[in-house]
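Subject: Structure handover

Hello,

Here is the structure I promised to pass on. Please open it first, then read my notes below.

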Amino acid sequence: MNPTRSTPDRLAGGTRWAAPLVLLGLACGGGEGNQTPVTPGTPRVSPKELRGLEVSLARNDLRVGQVAGPALAYGRYDDGTTGIVEGAWTSSDPSVVEVGEDGTLTGVAVGRVTVSASFEEFGDSLELEVLEPNPRHERDQPDDRAGAQVHVVYAVPSDAEDGNLDRYGDIERSLEAIQHWLGAETGQRLRLDTAGGRLDVTFLRLPFTAAEGEERGAALAEDLEGAIRERFGTATDKTYAVYYAGRSGDLCGSASVEGRVAVAFVHPEGCSPRAVGGDRETPSTYETVMLHELLHVFGAVPECAPDRLETSAHVGTRVEDLMYAGPEWSGHDEVVIDAGRDDYFGHGRPDCLDTAASEFWEPAARVEARVPGAKPPRPVMPSADWPVRCGLLPRRAEADASETPSP
Ligand SMILES: [Zn+2]
């Protein structure tokens, strides 16, 4: 895993690397005390003092066999900045969790441990629980309830590495983050297919390779739909939310609206190196992509929407809108579901499709009390991942080809 992925966003603006390492070098060259720097014109550097250490990992649970992290140790300095320091790591029980020199964590056996880092005279630790991996299911389990529901699938090309996103709980966490966001923002949440009280995630090893999938281009969503129908039959009351372990160019998602299949293309070089379900409360890239594609399946953005683009089922105004696909992105750090409640969600007009009336929603179990005026938990993702690169947009390659005159 790339260490930058685990960097908490609240600290992203801080100093990345520890100043003391640099200052140590200066001290060796310049001697002690308040001497004038040897080189004329060299600015005086006032040393920052380390005041504390904080250990950070986006999650507090791990599965047996799972490699996660690395956990990061942040130094906190007297000038208010923070920076990653190269702490020395230890595990209270290496037979439960092994911790590498760089903070990488490996779940070895079920249990609880304390993982600690120390740097200079400071130290910090975090508690971790190691659980058994989820059982893997290759069929739709008996449903807890009847009626419309969203069934979740982890689909892996025939030759692709199995990232165990189902067994390690990443997909469960991804849906939790989506539900958390939806509940706070709309008072509704997805009506998910559960079995025995737990999210029913089906593992689907596909009959085609990753390269074959990529060659299919825009037809990949239909191929996935075909593989799903073959495995599950035709369930008229289900929508499928597919986490596909492969890429389709640099796209992040697509949908077969007729087939009721929403797809997120999970690939570090295709869509984003962000983790699926990296945080169970805060949605990120893949959670945003999945909700975008599900909204397409539910009918967004309808032609009657005032802000709809002529060329695709997206809105062309309000850059912060989840279904935005206009020409600009001006760096908003907010993603909002139907910003004006007038295009595709919650407008209530009888003459225009309103996805808020979809049978695939249910009321959020409880609306969490929020401080008045406080913002709901909205996605946090790299600006490069926004807006959603959606397969339902005219493809860039095709657009370029049509604009390039033949020699
Ligand atoms: Zn789209």
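Predicted model: local features only at pLDDT ≥ 70, side-chain atom pairs only at ≥ 80, totals over all residues.

Residues are numbered from 1 along each chain as its sequence is written.

Confidence

pLDDT is the predictor's confidence in each residue, from 0 to 100. The protein averages 85, and 82% of the residues score at least 70. Residues 1–39 have pLDDT below 50; the model gives this stretch 44 contacts beyond near neighbours in sequence. A contact means that two C-beta atoms, placed from the backbone, lie within 7 Å. Residues 398–407 also stay under 50. They have 1 contact beyond four places in sequence.

Helices

Helices (H or I, at least four residues) and strands (E, at least two) are DSSP runs, numbered from the N terminus. The expected span of a helix is 1.5 Å times one less than its number of residues.

H2 covers residues 170–186. Its 17 residues reach 24 Å from first C-alpha to last, close to the expected 24 Å. A residue is buried if 20 or more other C-beta atoms lie within 10 Å of its own, exposed if 12 or fewer, and partly exposed in between; C-beta atoms are placed from the backbone. Buried residues of H2 include Asp-170, Leu-175 and Trp-181. The buried residues of H2 pack against H5 and several strands, among them S11 (149–156) and S16 (238–244). Just after H2, Gly-187 has a positive phi of about 75°.

H5 covers residues 285–297. Its 13 residues should span 18 Å, and its end C-alpha atoms are 19 Å apart, which agrees. In H5, 13 of the 13 residues are buried, so the helix is largely enclosed by the rest of the structure.

Sheet and loop

Two strands pair if DSSP finds at least two bridges between them. An open antiparallel sheet has 3 strands, in the order S3-S8-S7. S3 and S7 (97–99) are at the edges with a single partner each, so one side of each has no neighbour in the sheet. S3 joins S8 (residues 105–107) through 2 bridges. Val-67 is opposite Thr-106 in S8.

Gln-66 sits in the loop between S2 (61–63) and S3 (67–68). Is Gln-66 buried or partly exposed? Gln-66 counts as partly exposed because it has 19 C-beta neighbours inside 10 Å. Gln-66 touches Gly-107 and Tyr-168, leaving aside residues up to four places away in sequence.

Best wishes
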